[in-house]
Amino acid sequence: MNKIALVTGGTRGIGASISKKLSSNGIKVIANFTSDENSADKFSTVNNIDVVKFDVSSFDECKENVEIIKKKYGSIGILINNAGITRDAAIHKMNVSQWQEVINVNLNSAFNLVSNVIESMRENGFGRIIHISSVNGQKGQFGQTNYAASKAAIFGFSKSLALEVASKGITSNVVAPGYINTEMVAAIREDILKSIIDTIPGKRLGNPDEIADIVYFLTLKNSGYINGATFSINGGLRMD
Ligand code: CAA
């Protein structure tokens, strides 16, 4: 079993919790980041986790960095597609950049990375691919036609991928978090966030560790019979 994991967007928010959880369980984690070099370096030092800077929305950068990682550490056996952004606006106010940036980072990254790691997973007869989607890709959300479309598409991507790779010892599953206590959610206007929390049966935000635990579980050898599945972790906000 190949214990080298790439976690995209792995130095902040949910991704940081996933990186730490996997690393503390003996997995060699490489945490990707795109912009904030200072905080990524700090994350790396504090947690003793290697970080790598590249843009997941660029196919060429993904290809190049998957190769670099392979040479330096060995081939990637665990891929956590976590990097995601929001550019919230109602459709009548959304511009084309807000649409494209979100689709490029949240959806095109899945193709950019999976297509570059899949060959060595097939050769090794082992792979764990976990996509972080969102409750808003399941139920929709005012102001998020771009984000909800990108996150909903991940379900179809993951299930199709699972069909293609299941016989090769590779799994592809989705974890769909609800509103989790991260910078992304903290950026929602206070009154709007309060009204969202009121609609959550659990009456609280989730904790990033509550996502990281299930992601770790899905990386295990004994999770090999879980394929094409969705794990919804949202305090009851959407039950499916
Ligand atoms: N349902 C129906 N109508 C709504 C609404 C809703 N949920 N939210 C706002 N409206 C209405 C308002 O009542 C208002 O109506 P009037 O013009 O008649 O008064 C109108 O829409 C405009 O509302 P805003 O003043 O809020 O519009 P805005 O342009 O300033 O802001 C917005 C729009 C940025 C989308 C803002 O509403 C917002 O931030 N919403 C929250 C979106 C959200 O939940 N994002 C999640 C981010 S975290 C994340 O995505 C992680 C994850 O996976 C869960």
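So, the shell around the ligand: its residues split into 8 nonpolar, 7 polar and 3 charged. In that sorting, Ala, Val, Leu, Ile, Met, Phe, Trp, Tyr, Cys and Pro are nonpolar, Asp, Glu, Lys and Arg are charged, and the others, Gly among them, are polar. Quick word on what we have here: this is a predicted model, where local features need pLDDT of at least 70 and side-chain atom pairs count only at pLDDT 80 or more, while totals for chains, interfaces and linings use all residues. Residues are numbered from 1 along each chain as its sequence is written, and side-chain values use heavy atoms, with hydrogens and water left out.

Okay, back to the ligand. It has 18 residues around it, and the closest are Asp88, Lys93, Ser134, Tyr147 and Tyr179; a residue is near if one of its heavy atoms lies within 4 Å. Two helices, α7 (183-186) and α8 (190-199), each give at least two residues to that shell. Helices here are DSSP runs of H or I, at least four residues, and strands are runs of E, at least two, numbered from the N terminus.

Now, which side chain has an N or O atom 2.8 Å from an oxygen atom of the ligand? That's Tyr179. For Lys93 the distance from a ligand oxygen to a side-chain N or O atom is 2.9 Å, and for Gln144 it is 2.9 Å too. As for cover, the protein takes up 56% of the 1100 Å² of accessible area that the ligand has on its own, by the Shrake-Rupley method with a 1.4 Å probe.

Let's look at Ser134. You'll find Ser134 in the loop between β5 (127-132) and α5 (135-139). Is Ser134 buried or exposed? Buried, because its relative accessible area is 5%, and the cut-offs are under 20% for buried, over 50% for exposed and partly exposed in between, with a 1.4 Å probe and protein chains only. Its side chain reaches the backbone nitrogen of Asn136 at 2.9 Å. Setting aside neighbours within four places in sequence, Ser134 is in contact (heavy atoms within 4.5 Å) with Tyr147, Lys151, Phe155, Ala176 and Pro177.

For contrast, go to Leu163 in helix α6 (residues 145-165). Leu163 counts as exposed because its relative accessible area is 74%. From Leu163 to Met184 is 21 residues along the chain, and their C-alpha atoms are 32 Å apart.

Last stop, helix α1, residues 13-24. Its buried residues include Ile14, Ala16, Ile18 and Leu22. Just after α1, Gly26 takes a positive phi of about 85 degrees.

Methods. A polar contact is a pair of N or O atoms within 3.5 Å; within protein, one must be able to donate a hydrogen and the other to accept it, and residues adjacent in sequence count only if both atoms are side-chain atoms. The expected span of a helix is 1.5 Å times one less than its number of residues.
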